[in-house]
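Student: I would like to learn how to read side-chain features in a model. Please take me through a few.

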Amino acid sequence: LYGAIVNSGNDAAIIVATTVAGSVSAFSDLMNKRALEIGATNSHFVNPHGLTNEQHYTTAYDLYLIFKEVAKHNEFFNIAGRSSSRIEYTGSKGQLKVYDMASTNQYIAGTYTLPSNVYMIGGKTGTTTQAGSCLILLTKNKDGEEFISVVLKGVTKSALYHTMTDILSKEN
């Protein structure tokens with residue numbers, strides 16, 4: 001989970017999918033079923049990581065609905081709110097290996113600053129050539145009101161974060 005959420009590791013997403021459902025295809029079927037149950041009717045998933053596929057699509061509104069469900073689970077935000085994480089594992093020859101990873105969320109990593117009186121709860125990034133730079137966040141304002149904000153198809157990471165900052169500045 002840490003590799004998939006903190007570092008956007010596509011390989012980690014595949015491991016989660018095969019562990020949970022036995023295969024990427026079976027996991028995608030579960031994703032599609034759950035998406036429909038929560039009203040995300042303009043999405044269709046064929047993989048757990050979001051890499052480009054003609055049959056894999058979603059909308060900003062569907063992502064909002066999906067993230068609203070994610071927001072019910074504190075464990076996601078315990079992971080997604082980390083600026084870094086470390087995985088220790090035993091290699092094939094019995095040696096201890098360490099993999100350090102940094103958050104792909106540039107607000108959490110400290111590259112970009114949230115507007116004043118806006119507080120990060122957590123979020124998820126995604127980037128492909130076709131989708132551009134994408135970001136969904138759960139934040140709260142000084143009054144404790146929570147907001148889910150979605151920006152898709154950022155031409156650059158800089159454009160993505162400037163657009164998101166503009167959106168977030170309207171929370172107060």
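Tutor: Start with burial: buried means under 20% relative accessible area, exposed over 50%, and partly exposed in between, with a 1.4 Å probe and protein chains only. Tyr-107 has 8% relative accessibility, so Tyr-107 counts as buried. This is a predicted model: local features need pLDDT of at least 70, side-chain atom pairs count only at pLDDT 80 or more, and totals for chains, interfaces and linings use all residues. Residues are numbered from 1 along each chain as its sequence is written, and side-chain values use heavy atoms, leaving out hydrogens and water.

Student: How is a pair of aromatic rings described?

Tutor: By the distance of the centres and the angle of the planes. Rings of Phe, Tyr and Trp (its six-membered ring) pair if their centres lie within 6.5 Å; planes under 30 degrees apart count as stacked, over 60 as edge-to-face and the rest as tilted. The whole structure holds six aromatic pairs. In one of them, Tyr-107 and Tyr-161 have ring centres 5.0 Å apart and planes at 75 degrees, so the pair is edge-to-face.

Student: Which helices hold Tyr-107 and Tyr-161?

Tutor: Helices (H or I, at least four residues) and strands (E, at least two) are DSSP runs, numbered from the N terminus. Tyr-107 sits in helix H6 (residues 106-109) and Tyr-161 in helix H7 (residues 157-168), 54 residues apart. Tyr-161 is buried too, at 1% relative accessibility.

Student: Is Val-155 buried or exposed?

Tutor: Exposed, at 78% relative accessibility. Val-155 lies in the loop between strand E5 (146-154) and H7.
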